[in-house]
Amino acid sequence: MQKIIKYTLCSALIATLGLQSCKDSYFDSLSDNPNQVPVATLSTLLATSTYKAANDNYFIGSIIAPYVQYTANPAANGAGDTYQAIDFTATWDALYFAMADANEMKKLAVAQSSSEYKGVADVLIAYNLTLVNDLWGDAPFSEAFNINNLTPKYDKQQDVYNQAMALLDEAIVELAKTNATIKLAPTSDLIYGKSTTERANWLKMAYALKARLLNKISKTSSYNPTAVLAALGNSFTTNTDDASMATFKERNPWANVALSNSQQSLGGWLSEQLIDALNGTSFPGAVDPRLEKITDKTVNNIYIGTVNGAGNRLPGANTTRDECYISRNSPWSSDTSPIFIVTFAELKFIEAEAYFNTDKTKAYAAYLAGISANMDKFQVTAANRDAYLANPVVNVGVAALTKDLIFKEKYIATYLNPEAWNDARRFDYKYKDFGMPANAALPTFIRRLDYTQGERSKNGNNVPVDVPRTTRLWWDQ
């Protein structure tokens with residue numbers, strides 16, 4: 001981290017003050033603190049890295065939530081709702097700081113011959129790298145952590161994808177070993193530390209992320225459903241395997257959004273698209289019991305969402321709670337709710353998609369299993385869960401199963417998860433009743449983010465030329 005901080009400070013000084021160089025002695029004096037540990041340990045790096053991975057999940061989830069119309073701004077012309085240019089320098093930096101920590105853990109693990117820590121480091125680097133890749137495409141990685149190079153090149157987006165896949169394959173090899181000289185420290189592992197099968201769960205998570213990556217290229221000629229299913233076969237088998245983190249300074253960050261809303265900051269309004277997908281409007285006859293686990297009824301005792309880009313239906317009445325918001329009563333966004341990184345339910349929908357063209361019976365079984373697993377995770381009662389699964393709008397039978405139904409149910413199951421935007425782009429935003437936001441700044445749906453101002457100021461010669469936010473990533477053609 002000291003090296004990365006040095007890079008950030010030095011680059012900022014060069015950019016803002018025109019300095020020719022940054023002397024090591026200056027930064028060394030800043031870090032001359034007798035109360036600090038000069039070298040981080042594996043356990044401290046594990047705690048930091050697992051925390052940051054989940055926190056980055058939240059950061060990206062909050063960015064993409066209006067793009068997939070989970071959330072909406074109560075004011076018209078909200079920047080996120082309408083696809084305006086937004087500078088996400090802080091998020092970019094958070095992702096690279098997280099990878100830097102995990103990279104330091106990996107180097108230390110290699111030095112101390114710990115296959116378990118090395119494998120976990122690979123998983124966490126791959127996860128954060130994938131988030132960068134999914135938002136921006138081309139990105140620094142092959143030269144990103146060389147402290148002697150303050151202007152790392154941008155690797156091509158498909159190469160970044162391949163590097164993330166290689167990291168997961170390496171993690172699988174390392175985590176399959178059972179003879180690590182240094183075992184993972186459960187008290188420092190904020191994702192799987194409470195599990196009695198910590199190493200095995202990390203191995204399953206590596207396979208889960210691999211299945212997700214393999215499935216993401218479904219629109220390309222490289223898509224291989226057999227490989228997807230093989231990865232799934234080594235991954236999660238129940239909800240208890242889910243990769244999540246529930247250690248916070250105060251509370252779950254989504255709960256902070258809900259709390260701030262209750263104090264009139266007006267964040268966390270839910271989109272009409274999400275509410276209508278659940279309340280029987282878009283799917284008549286099928287009111288989803290997860291709705292009451294996601295939000296609370298309005299002052300008018302109904303469930304109603306906000307139109308993206310248009311704002312609240314009653315201008316000037318934004319504090320009357322006449323539309324639905326993220327709830328502190330939800331298993332997804334209460335004070336103590338975990339942040340879900342990848343879940344068993346999501347994997348069942350990946351399985352349904354992978355089987356769809358070759359074995360409709362297995363695809364249908366996976367589709368129903370994904371719904372059931374997500375219902376259980378949302379703490380829906382067994383009676384309400386089973387009634388929903390028996391509803392003919394949902395229980396359509398093997399022959400009538402469509403990818404539209406698979407994507408619709410996965411959209412609910414990945415509520416607030418960054419992966420939802422990948423699915424929306426793969427599905428070309430074809431969710432039922434899903435339309436362009438009002439007052440959109442782009443002529444079509446958004447496909448990527450602008451490169452950050454921070455990168456333009458520090459590494460401008462390598463940042464790709466302006467790429468429109470409507471330009472599709474390589475896997476989204």
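Leaving aside neighbours within four places in sequence, lysine 403 is in contact with Phe356, Asn357 and Phe427, where contact means heavy atoms within 4.5 Å. The model is a predicted one, in which local features need pLDDT of at least 70 and side-chain atom pairs count only at pLDDT 80 or more, whereas totals for chains, interfaces and linings use all residues. Residues are numbered from 1 along each chain as its sequence is written, and side-chain values use heavy atoms, with hydrogens and water left out.

Lysine 403 lies in helix H15 (residues 403-413); helices (H or I, at least four residues) and strands (E, at least two) are DSSP runs, numbered from the N terminus. Between the C-alpha atoms of lysine 403 and phenylalanine 356 the distance is 7.7 Å, although 47 residues separate the two in sequence. With a relative accessibility of 31%, lysine 403 counts as partly exposed. In this scheme, buried means under 20% relative accessible area, exposed over 50%, and partly exposed in between (1.4 Å probe, protein chains only).

The confidence of the prediction, expressed as pLDDT (the predictor's confidence in each residue, from 0 to 100), averages 92 over the protein chain, and 91% of the residues score at least 70. Over residues 1-31 the pLDDT is below 50, and this stretch has 36 contacts in the model beyond near neighbours in sequence. Where pLDDT is low, the predicted coordinates should not be read in detail.

Helix H8 (residues 225-233) contains the buried residues Val228, Ala231 and Leu232. Viewed down the axis of H8, these buried residues fall within an arc of 100 degrees, so they line one face of the helix; the arc is that of the directions from the helix axis to the C-beta atoms. An α-helix has 3.6 residues a turn, so residues three or four places apart point the same way. Thr226 and Gly233, both exposed, are carried on the face of H8 turned away from its buried side. The cover over the buried residues of H8 includes H7 and helix H12 (344-355).

Rolling a probe the size of a water molecule over the atoms shows where empty space is left. On a 1 Å grid over the protein atoms alone, a cavity is a set of points where a 1.4 Å probe fits but cannot get out, and a pocket is an open set with protein on both sides within 12 Å along at least five of seven lines; lining residues have an atom within 4 Å of a point. Grid points are joined across faces, edges and corners, and a volume is the space filled by probe spheres set on the points. By this rule there are five cavities of 30 Å³ or more. The largest cavity holds about 120 Å³ of space. It is lined by 14 residues, of which Trp332, Phe340, Tyr415, Leu416 and Asn417 are the closest to its centre. Its lining has eight nonpolar, five polar and one charged residues, where Ala, Val, Leu, Ile, Met, Phe, Trp, Tyr, Cys and Pro count as nonpolar, Asp, Glu, Lys and Arg as charged, and the others, Gly among them, as polar.

The second largest cavity contains about 90 Å³ of space. Helix H5 (115-136), helix H7 (198-216) and helix H16 (419-426) each supply at least two residues of its lining, and H5 gives the most, with five residues. Among the lining residues of this cavity are Asp134, Arg212 and Glu419. By class, the lining has seven nonpolar, two polar and three charged residues.

The second largest pocket has a volume of about 420 Å³. Of the 22 residues that line this pocket, Ser62, Pro66, Thr71, Asn73 and Gly268 lie nearest its centre. Helix H3 (42-64) and helix H9 (253-262) are the elements that give two or more residues to the lining, the largest share, three residues, coming from H3. The lining divides into 14 nonpolar, seven polar and one charged residues.

Asparagine 301 is placed in the loop between helix H11 (291-294) and strand S2 (339-342) and, at 53% relative accessibility, counts as exposed. Tyrosine 429 is placed in the loop between H16 and helix H17 (453-459) and, at 2% relative accessibility, counts as buried.
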